[in-house]
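Take a look, then read on.

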Amino acid sequence: MDNRKKLVQYILAYKWQFILGSILGGVVTCGDLLTPFLAGKFLNAVKLDNWNMIKMIALAFVIVQLPKGVANYGQSYLIASATNRIATDIRNRIYAHLHSMTLSFFERNKVGHLMSRMTNDVGLIQNGSGAITDVINAPLTVIGGIARMFMINWVLAGIFILFVPGMGVLISRITRKMRKLTINLQLKLADVIAVLEETIVGIRVVKSFGMEKNEIQRFFEQNLASLKAALKSARRSALVTPITEFFGTIVVVAIMLLGGYLVTSHQIPYGSIVEFGGIAFYVASSAKKIGRLNVTYHQTMAGIDRIFEVLDEEPDIADSPDAVDLGEITGHVAFKNVSFSYQTGEQVLKNISFTMEPGKAVAVVGPSGAGKSTVANLVPRFYEVSGGAVLVDDHDIRCVTLESLRKHIGIVPQETILFSGTIRDNIAYGRPDATDEEVEQAARAANAHMFVSQFEDGYKTVIGERGARLSGGERQRIAIARAILKDPRILILDEATSSLDATSERLVQEALDKLMVGRTTLVIAHRLSTIKQADLIIVLGDGRIVEQGSFDELMQHEGAFARLYHTQFDLKKEEVVASSEGHLEKTQN
Ligand code: ATP
């Protein structure tokens, strides 16, 4: 569907506001056009020394102006209310739509660019819709005004309208490029927001590398590019007013000369030329508004095009029409000949098959880039497999609803994202209805209660943006508490690689141990203790399973895992020896 038609659908939701606004616009236009009429009558009455007539005209003036003022207020409010509601609807729709999109969508689109569509582009629509009062009133004034001009004197009116088509053609030529210029400007503004967003989010990296000056320079350059685009667009848009005024001047001079001649040769009364001039003023300024509306129209359409570009993008993962609710599960997970490629093309997983028994822990290990995170991301169906299938309790996950699948999956990521709000809000993130007791219980199990209760406000402590007031280990324990509260059957654990101090490490490990009990767990394992405790270890290499088995089996096999183990965990050998397991000592000897 054409983007204009899509916008019309949003407008139609408020059709009564627009209809009522148009009726009130009619009242305003009548008031405008009656003003010169009364001014003309007033001058005629003055010339005739008709005092009674002067009083009547003064009264009529008040009678005209009062309803015009009320109608003006009503129309402005109705249209503003409708346009703001449309902008709000569109913003809500984009936001909801973004949540239906998959991870690959967010990898393709910069956060700053998406934010810009929500703010700058919706702003363009708001501006454009704000011109709707002009869309209603200006043509009414032009039509009504010209009709009245013909009633006063058709020759004068003829001269006046002779210029209208020429002016229209010229304005449409000037404004034709506006849409392209505005799209370019919006793209540049989006780049500015993208730099802002990236550097604020990554401010620690910027500071640690002392890159402030470079980032400021980068921002200045993007901002300068957006300024240039804004000026280019402004130069063109600014042409409209002087051109319409130039035409207006020619018309005024022609009317002055001919009108003056008609009055002085007594062919029309003195007041009529005043009325004609007044109406000509209203009609000309309305025509000017129509000229500017063309600019606004192209700018609004540029915003609309960019917004529908996002809204029209279908999520590449959605419930199939016959998707069923997964219901309660035991937590059996199977990868059956799974292959996978990201949109960039290269095959990242090749024919992966393994099974996770309910309540058991599977550790995925392998060198960097082997595909460990990718395997983990396929379980909640963040990405769609390219071949084979992932099964949960023997259901192909493509045949069940996403909601019922993800309800059973808890994820503890490497880096915990905390949202603005209190500690309680963050722990209860997946279950806002949890009671305070449940939140505390989860926090206790996650070894978080101790540090939370040390804050003056306890669970009501507001966390600074991105959890700046909590340490890495504390944030991890909040994430664990979150997962405990969700109580999922399947757990995905992306162990943090950054090392914590010994106490913090122990507290996190204890919390994780408690969390894993009775749940099917897939761990992207970096900790030795996790690997050793896992019921099954999957060793990935270059997207394939190169080995699988228990720790003992793999060490005895002395294959890829043993080699990986020696290179990756060499530093921790002593720890392993301390745990004194016979086979490890064997490998040391
Ligand atoms: P690490 O231990 O370093 O986190 P990993 O074993 O978890 O690595 P993955 O993150 O699964 O490896 O990545 C596997 C391969 O897929 C890598 O070659 C990586 O470059 C590529 N890859 C990962 N994420 C994406 C993505 N979103 N788009 C395109 N390619 C990706």
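## Around the ligand

An N or O atom in the side chain of S368 sits 2.6 Å from an oxygen atom of the ligand, a polar contact, meaning a pair of N or O atoms within 3.5 Å. A polar backbone atom of G369 is 2.8 Å from an oxygen atom of the ligand, and a polar side-chain atom of Y342 lies 3.4 Å from a ligand nitrogen atom. On its own the ligand exposes 630 Å², and the protein buries 61% of that (areas by the Shrake-Rupley method with a 1.4 Å probe).

In total, 13 residues surround the ligand, with S368, G369, K372, S373 and T374 the closest; to count, a residue needs a heavy atom within 4 Å of the ligand. Helix 13 (residues 372-378) gives the most to this shell, three residues.

## About the model

This is a predicted model, where local features need pLDDT of at least 70, side-chain atom pairs count only at pLDDT 80 or more, and totals for chains, interfaces and linings use all residues. Residues are numbered from 1 along each chain as its sequence is written, and side-chain values use heavy atoms, leaving out hydrogens and water.

## A look at K350

Is K350 buried or exposed? K350 is buried, because its relative accessible area is 18% and buried means under 20%. K350 lies in strand 2 (residues 347-356), a strand being a DSSP run (E) of at least two residues. A polar atom of the K350 side chain lies 3.2 Å from the backbone oxygen of D542.

Key:
Helix = DSSP H or I, 4+ residues; strand = E, 2+ residues; numbered from the N terminus. Buried < 20%, exposed > 50% of the residue type's maximum accessible area, 1.4 Å probe, protein only. Polar contact = N/O pair within 3.5 Å; in protein donor to acceptor, adjacent residues only side chain to side chain.
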